[in-house]
Structures are given as structure tokens and as C-alpha cells.
Amino acid sequence: MNSPRLEVDLRKISHNTRTIVGRLQRRGIRVSAVTKAVCGHPAIAQAMLNGGAAGLAEARLSNVKRLRRAGITCPVTMIRTPMLSQVEEVVQLCETSYNTEVSVISALGAAALRHNKVHGIILMIEMGDMREGILPQNTRHMVRRIMDTPGVALKGIGANFACLNGIAPTDINMRTLSFLANDIECQFRLLLQTVSGGNSANLTWAFGPHATGRINDLRLGEAILLGVDPITGAHIDGTYRDAFTLVAEVIETDAKSLRPLLRCADQTIAKNLFFPVISKTTRIVLAIGEQDTDAAGLSMPANTKFVGATSDHLILEAKDVTLLTGSEIRFQLGYGALMHAMAAPDVETILRSDRSAPNAHDAHGPDKHLASV
Ligand SMILES: *Cc1c(COP(=O)(O)O)cnc(C)c1O
């Protein structure tokens, strides 16, 4: 099998989704599954839908196109403010988008009218992360502008936390968002379908003791894919942490137990100065590097230590001195490492198939449970 490769267990992703969706359902919250970390991989998206996600959310149009090309027809929400240069495609591919800019909203409306559509707008409100969003005090003004814009309909409001500054949402933040939802509805006599509280960083709040108020949606990527709470790093009960495994091949072992005197300029002398270093560990070189993943974001297998990585090499120190050149080492990944590996051209994605996933080979050979895309 090729390496480096990313092995994806679709059943674990469906299971993680089902577990989190079930717990949030009891709190009156539905899940929009975020596929950006897996570059809109259709089979992974389908596994999230099979697990009960209400819809998909994406940050990049290229990924939405990939989902649509694979035949996924569920609602896909654009969670990054659309680029002005992309409004035409956004209204064709996405029912709804998150927005903060009047000029973009007008352009979306005009594009929607050209395609005989009404495009849904979710207004993103800034609540402390200082990434995207309008200031809460400008909410009514913005809502009026949206209502005056032909071709768009206000579907809801949302907030985002912990992306830029790592600060988790508080109960006060969530109550403020609920308050704003009520205020808009009273003021403008309309019904907001969606009040989206945030991302995986909101789960501690959502599973906690506080009332969830008007919050009825969370946009979840990391928690579903990796089974972790991004703020605390804690394992989310009942989920798998190993739905993804990165596999890389050993291309060199042992050599570093002989250490040259590196500063010696004369090569003939340098050769004679090689001397053995007595050590119980072996340095191992793997054929994977920063171009394939975020090396520091890999969790090291037992009895190994991360030494460093360059663009194409990863160096480990291993207690297992029996590891041979040609053998494979398996890693679990953090979110950044996963995102990079999914986007890397030399990392093959291997699916452990879930029968209901699209594009998964329904082969009858010995590789029945493996499908490569
Ligand atoms: C990436 C992103 C999410 C999902 O974040 P996770 O931490 O993966 O749950 C949700 N909302 C927005 C706006 C995002 O950019």
C-alpha cells in the first residue's frame, strides 16, 4: 500500500457524529457538520450525514464544488464570508452563507435574482474572538439593510469563538446571542430559523448545566472528526479519537548511532572520526515531512520521541531498535496535522468503508473494506 497515507475509518466518523448529535438533540441543538478540515471529502461528509448531521458547512467554494460533484444534495452553508468575486457560484452551490459585509450581501442578492433564487443570510456577530462578525450594537441596523436587499432572506444569526484568540464562549456570550435573536424577532416581526452558537469550542457550554436558550445550531468539525474538545484537549465521552491514522514509511534507521564530528572540514579526517555512541535508542528517518502534515501536531507512538522534521523528512527517536527500513509507523493527528495531510498531494486517503457512503468501492475482493480515492 502507498505511503504516506491517511487511513480514514468512516464508521468511526458516523459513530462520533451520532454520539454528539444525540447529546445535543436533548439540548435542542442540531449539528451542521464542518468539512473544511477534510477538504470537502464527499465520503467523509456522507459519513457525517449518516450520523445525523442536519447539513454541511464549508469555508471554501472549491470544497463545496467537490461535494456537489459527488452528488451530495443536502444544504451546504458557506461559513466564511463569501468573496465578492465568488458570489455567482456561491448562490448556485450553497443555500445559505454567513455574512458580515453589506456589499457582499447586496452582490449575493443580485446574483440570486439572476438565478431566480433567494439566498439565505446568516449574520455573523462578533462576540470576542475578533475574527469575523459585526458588532452587537450594529445588529438592528444590519438586519434592516438585509431586509431591504432584494434576493436575500435573513435566516439567522451566529457567532464564532476560540478561532483567533482561543477564548471559549461563556454562558453570558450565549445569553447575549439569544437576547439578540429575540430582539431581532420582536423588532422586525420575523422568525430566525438558525441561531448558531459556534464551533467545537462550544461543546463544554452546550453539554453543561446552563439553559441553551435560543441557540439551536452548532457548526462542528474537530469534535466529530477527532473526538476532542479543542479548548481543553479533553476526550469527548463516547467518541473515537482514532478515526484518522497517518501512516509513514521508515527510510533509514540506526545510522545516527555513529556520529560524525560534523564541524570537521576535512572529509578524510571526518571519516576516521566517526565513533559509535552507545545508546538504547535508535534514530529513525521517515519519508514524510512538513509538506505532508504539521509534524509537531502528530502524536507519537509509544516508545518514540519526536526529534524534528524538515520539508520531506521526519526524525524520531525510538526505543524499539528492531524497526527496520521499509516498516511503517502509525500516528494519530491533531486538527492542523489532519487538515494539512488531507490537502497534501502526496498523502493518499484510504477509506475504511461504510456501506452507505458514496464513492466507496463496493468491491468483492480481499480489500472489501478498503476503498481508495
Ligand atoms: C472552522 C469553523 C467551524 C468549525 O470549527 P471546529 O473547531 O472544527 O468545530 C465553525 N464555524 C466557523 C465559522 C469556522 O470557520
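Cys-39 is located in the loop that joins strand 2 (30-34) to helix 2 (42-50), where helices (H or I, at least four residues) and strands (E, at least two) are DSSP runs numbered from the N terminus. Although Cys-39 is not a glycine, its phi is positive, at about 55 degrees. A further backbone feature is the cis peptide bond from Ser-3 to Pro-4, with omega near 0 degrees; Pro-4 belongs to the segment before strand 1 (5-9). The model is a predicted one, in which local features need pLDDT of at least 70 and side-chain atom pairs count only at pLDDT 80 or more, while totals for chains, interfaces and linings use all residues. Residues are numbered from 1 along each chain as its sequence is written, and side-chain values use heavy atoms, with hydrogens and water left out.

The ligand is surrounded by 14 residues, of which Lys-36, Ser-200, Arg-219, Glu-222 and Tyr-335 are the closest; a residue is counted here if one of its heavy atoms lies within 4 Å of the ligand. By class, this shell comprises five nonpolar, four polar and five charged residues. In this classification Ala, Val, Leu, Ile, Met, Phe, Trp, Tyr, Cys and Pro count as nonpolar, Asp, Glu, Lys and Arg as charged, and the others, Gly among them, as polar.

A polar side-chain atom of Ser-200 is 2.5 Å from a ligand oxygen atom, and an N or O atom in the side chain of Lys-36 is 2.7 Å from an oxygen atom of the ligand. For Arg-219, a side-chain N or O atom lies 2.8 Å from a nitrogen atom of the ligand. The ligand exposes 390 Å² when taken alone, and the protein buries 95% of that area, as computed by the Shrake-Rupley method with a 1.4 Å probe.

The ligand takes up the space of the largest pocket, a molecule being assigned to a pocket if more than half of its atoms lie within 2 Å of its grid points. Pockets and cavities were found on a 1 Å grid over the protein atoms alone: a cavity is a set of points where a 1.4 Å probe fits but cannot get out, a pocket is an open set with protein on both sides within 12 Å along at least five of seven lines, and lining residues have an atom within 4 Å of a point. The largest pocket holds about 640 Å³ of space. It is lined by 30 residues, with Lys-36, Ile-79, Arg-131, Cys-163 and Tyr-335 closest to its centre. Helix 11 contributes the most to this lining, with three residues.

The structure also holds one cavity of 30 Å³ or more. Among the residues lining the largest cavity are Ala-59, Met-78 and Arg-80.

Key: Polar contact = N/O pair within 3.5 Å; in protein donor to acceptor, adjacent residues only side chain to side chain. Points joined across faces, edges and corners; volume = space filled by probe spheres on them.
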